[in-house]
Amino acid sequence: QPPNFVAMSPIPKVTVAVGDEVKAGDPIFFDKKRPDIQYCAPVSGEVIAINRGAKRSIANVVILKDKDQQFRSVTAPNLADCSKEDLANFLMANGGWSFIRQRPFNIIADPADEPRGVYVSTFDTAPLAPDLNLVVDGREAAFQKGLEVMAKFAPVHLGLNAKEQPHTAFTSAEGVQKHWFHGKHPAGNVGIQIHHIEPITTTSKVWTLGVQDVITIGALFSEGRFNAERV
């Protein structure tokens, strides 16, 4: 759904047609203002509809999911020696970049920017929010790999829950700065955490991701595929 992405053109360029078969990770549309950033299919199957909204804007692309999922395989660069530019190009071409949001404004990050930091909250205090300890369970390797990817762009800050014991994937994460928070909602909101760690100024930009976004980016490297599974 293109409207899920703040500031995207109402009529992005759709690269599939009704009747096409796609694999998970195949590009399905891109913003004409930033054509390098591809938005990829989260599942494999047949494109059965491309629905339009007001003024012929693209409301959604509907994919009838296969019973047995097929993934487009990708060859990730070596993190040890790849440049920021090559890493950004890989993420943009394979769906990973669409999960990186810029603050202020919560828009898709601009790869030309140099952010002050990357912020990830490992707990959600909102009512009925999922327990991220359960979300990361079994996906620890992909989460750590995703943190390593983002650390290539800027220092990574993890927000940890001081009211209860976080998952070991969070407390033992390597190559990041850890910050502990205690309090009622919205203590788990990444914007609140940024404010208390180092407030955004008129001249600074930061990037944010959710835990599941980090896992999906990490899976591009640890699994060699665009795995957009969500709990």
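The side chains of E223 and R225 meet in a salt bridge, 2.9 Å from N to O. A salt bridge here is a side-chain nitrogen of Lys or Arg within 4 Å of a carboxyl oxygen of Asp or Glu. This is a predicted model: local features need pLDDT of at least 70, side-chain atom pairs count only at pLDDT 80 or more, and totals for chains, interfaces and linings use all residues. Residues are numbered from 1 along each chain as its sequence is written, and side-chain values use heavy atoms, with hydrogens and water left out.

Stay with E223. Its side chain also meets that of R139 in a salt bridge, at 3.6 Å from N to O. E223 lies in the segment after α6 (211-222), while R139 lies in the loop between α2 (132-136) and α3 (140-151), so the pair ties together parts that are 84 residues apart in sequence. Helices are DSSP runs of H or I with at least four residues, strands are E runs of at least two, and both are numbered from the N terminus. Salt bridges that share partners join R139, E223 and R225 into one network.

How covered are these residues? Buried means under 20% relative accessible area, exposed means over 50%, and partly exposed lies in between (1.4 Å probe, protein chains only). R139 counts as buried, at 17% relative accessibility. E223 is partly exposed at 34%. R225 is partly exposed too, at 26%.

The structure holds seven salt bridges. Another of them joins the side chains of E148 and K145, 3.4 Å from N to O. Both residues lie in helix α3, three residues apart, about one turn of the helix. E148 is partly exposed, with a relative accessible area of 31%. K145 is partly exposed as well, at 27%. Side chains of opposite charge can pair when their charged atoms come close.

Now turn to the strands. Two strands pair if DSSP finds at least two bridges between them. Three strands form an open sheet in the order β1-β3-β4, with antiparallel pairing. β1 (13-14) and β4 stand at the edges with a single partner strand each, so one side of each is left without a neighbour in the sheet. β1 and β3 pair over two bridges. V14 has F29 in β3 as its bridge partner. Three bridges join β3 to β4. There, P27 has C40 in β4 as its bridge partner. In a regular strand the side chains alternate between the two faces of the sheet.

The loop between β3 (27-30) and β4 (38-40) holds K32. K32 belongs to a positive surface patch, together with K13, R52 and R56. Patches are made of residues with over 30% relative accessible area and no salt bridge; like charges are joined within 9 Å, and nonpolar side chains (Val, Leu, Ile, Met, Phe, Trp, Tyr) within 5 Å. Lys and Arg count as positive and Asp and Glu as negative; His and the chain ends are not counted.

A second open sheet has six strands, in the order β8-β7-β12-β9-β10-β11, and its pairing is mixed. β8 (107-108) and β11 (177-181) stand at the edges, each with a single partner strand, so one side of each is left without a neighbour in the sheet. Strand β10 (residues 156-161) and β11 pair in the parallel sense over five bridges. H157 stands opposite Q177 in β11.

Notes. Accessible areas come from the Shrake-Rupley method with a 1.4 Å probe; for residues, only the protein chains shown count as cover. The place of a charge is taken as NZ of Lys, CZ of Arg, CG of Asp or CD of Glu.
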